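Good morning, and thank you for joining this group meeting. Please look at the structure while I go through a few of its features.

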Amino acid sequence: MLTTAICFATLPSRASICSDARRQGAIMKTGTGRKSGGRRLLLAQLIMAQLAVIASPSGGAVRADPGAILNTALAQAQQAFRRGDCASVLGNLSPIITGREFPSLPDRTRSSALFMASLCEAQTSRFDEALLHIRAATTLPAAPAEFWIARLRIEIYSANPADAVSTLEKLQRGIPGALSRLEVTWLHALNRRLKGMPSGAAARDRLLAFVSDPAFVAARYDPGFEYMFLDNARRLAISGDRAGAQAQVDRLSSHVALITASLDPALRFAVPPDYDMRAATRREIAHLERLSAERPSLLALVIAQAEAHRAINEPDKALALLLSAAPEGSLAPMFTDRAAKLNWWWDELASTYAHLGRYDDAVAALKSGMKVGEHGNFNVSQLLNLASLQLRLGKPQDALDTLAGQETALGAGSSPYGKMVYRRIHGCAAKRTGKADIAAQDFAYALAHRQDEPSNLVAIQLCMGDLDGAAASIIARLDNPEERGDALRDLSTYEDWPANIPPSPDLAADASLLARPDVRAAIERAGGIRIFNVLPRAL
């Protein structure tokens, strides 16, 4: 009940969405970390995604020959860019871009050079230079949509992310087709950055209004945007526009988003206490089926449908749907989002196998997802999900074996959220296998980093037998307006898992926590929990 699914444990963002991993990840597993900080990984991903722009003639291959030295340097820069060798790219391009001959070069040659240099400068955290060059590239005639998308992504992580909102608005006016290629994880990252800046409130209001506008096509086919609709609803409700907030909630299709709204202090008026979440989930499935008929190339919609089927205890239908997609087989070329979603297809397949009681198949699916990688890097998410599943199903030694030797990789490739998830799993597994010293080290880390992921702090406190500490932590979450809705969702009552799934090892500790008068009083102060006639999202 108190343990959340792992959705955006790695950088970039990820966050996860994914927005907050405990909220965005509740809609669908999109592969982002809870908190930002992975700028280098973000730009590495972008470089790999944009290689075709430079590699193809239409993307601006070098054609002018103002001099043999200049031409050779440009060609070498292109080759280095394809290899991901940014040091060589900048070594070749910087003298050219700052040279007096550069303004006289053909537009296509200048745009190619500026594009490569901007991405490589961002990759090395030289964001001022990166922005200078990508903005220059987008002022050249017929700058392709890929250049504008690169500009947007760099601006998100610049000193002034509000510039990215202006770029979105420019794209809507001038290159609206480019917006359909945007990934929700990037806009969630922008939303988080603006939310964390005292000066970002006005730009964040513009962003939420922009994404929530029916004219924004990308949001129609990606369920991950629904949490931005929720943020917009919350913004409207707090400002006093209850009708506007209600309209935003009414457009939600995800039952998990509706559960979140029903427990949010600002929005629970919009979802009646007797709201039928099972019926809502069936409507969600029908909605996703319609979208899939319109866009059969989106693997994300298959994953979302499978999750919805499992929520109403239909894992057999989820399995049939996932296997029919088979993105590793002959159908692989048809999925336009395969690169971003393949590891999450494996993840959902594993969850479905676990739901069916097929433990070995679930483990094998998660291991296959790990091999896919994540954003071109070490796959933290499926590693942690595998260990979490093993811990949940009463196999703590298997969880320790899965995590053995991975701490260095996790430290380099995961967000603060991901590191807390690791400590929760590793610490609890150590505790349950009698390794008290190791458990104590993980517990000490979790206490020292309590703000990185409050829900996992509560979980590890319960696992360690620190009921007083867990009570204090959950009360703090319930009393915090930013945490309150998520805490109530964790504490609410859901349908029981089928008999083939063993009871949670944390069941007794959860019950003891909920029985405490101080916790019950905090729940009532927060508005109360609810009973939902669907299964919880995670085992």
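I begin with a definition: a residue is called buried when its relative accessible area is under 20%, exposed when it is over 50%, and partly exposed in between, using a 1.4 Å probe and protein chains only. The model before you is predicted, so local features need a pLDDT of at least 70 and side-chain atom pairs count only at pLDDT 80 or more, while totals for chains, interfaces and linings use all residues. Residues are numbered from 1 along each chain as its sequence is written, and side-chain values use heavy atoms, with hydrogens and water left out.

Let us start with two loop residues. Helices here are DSSP runs of H or I with at least four residues, strands are runs of E with at least two, and numbering is from the N terminus. A326 lies in the loop between α16 and α17 (338-355). With a relative accessible area of 26%, A326 is partly exposed. Its phi is positive, about 40°, although A326 is not a glycine. Most residues other than glycine have a negative phi. N313, also not a glycine, has a positive phi of about 60°. N313 sits in the loop between α15 (299-311) and α16 (315-325), and is partly exposed at 39% relative accessible area.

I turn now to helix α28, residues 517-525. Which of its residues are buried? They are V519, A522 and I523. Seen down the axis of α28, these buried residues fall within an arc of 100°, so they line one face of the helix; the arc is that of the directions from the helix axis to the C-beta atoms. The face turned away from the buried side carries the exposed residues P517, E524 and R525. The buried residues pack against α25 (467-479), α26 (481-491) and α27 (507-515), where contact means heavy atoms within 4.5 Å.

How do α25 and α28 cross, and within what distance do their axes come? The axes come within 9 Å and cross at roughly 10°, with axes being lines fitted to C-alpha atoms over the stretch in contact and angles running from 0 to 180 degrees between N-to-C directions. That makes α25 roughly parallel to α28, a term for angles under 35 degrees. On the α25 side, the contact includes A471, I474 and I475; on the α28 side, the residues include D518 and V519.

Finally, H255 lies in helix α13 (residues 255-263). H255 is buried, with a relative accessible area of 6%.

Methods
Parallel < 35°, antiparallel > 145°, perpendicular 65-115°, else oblique.
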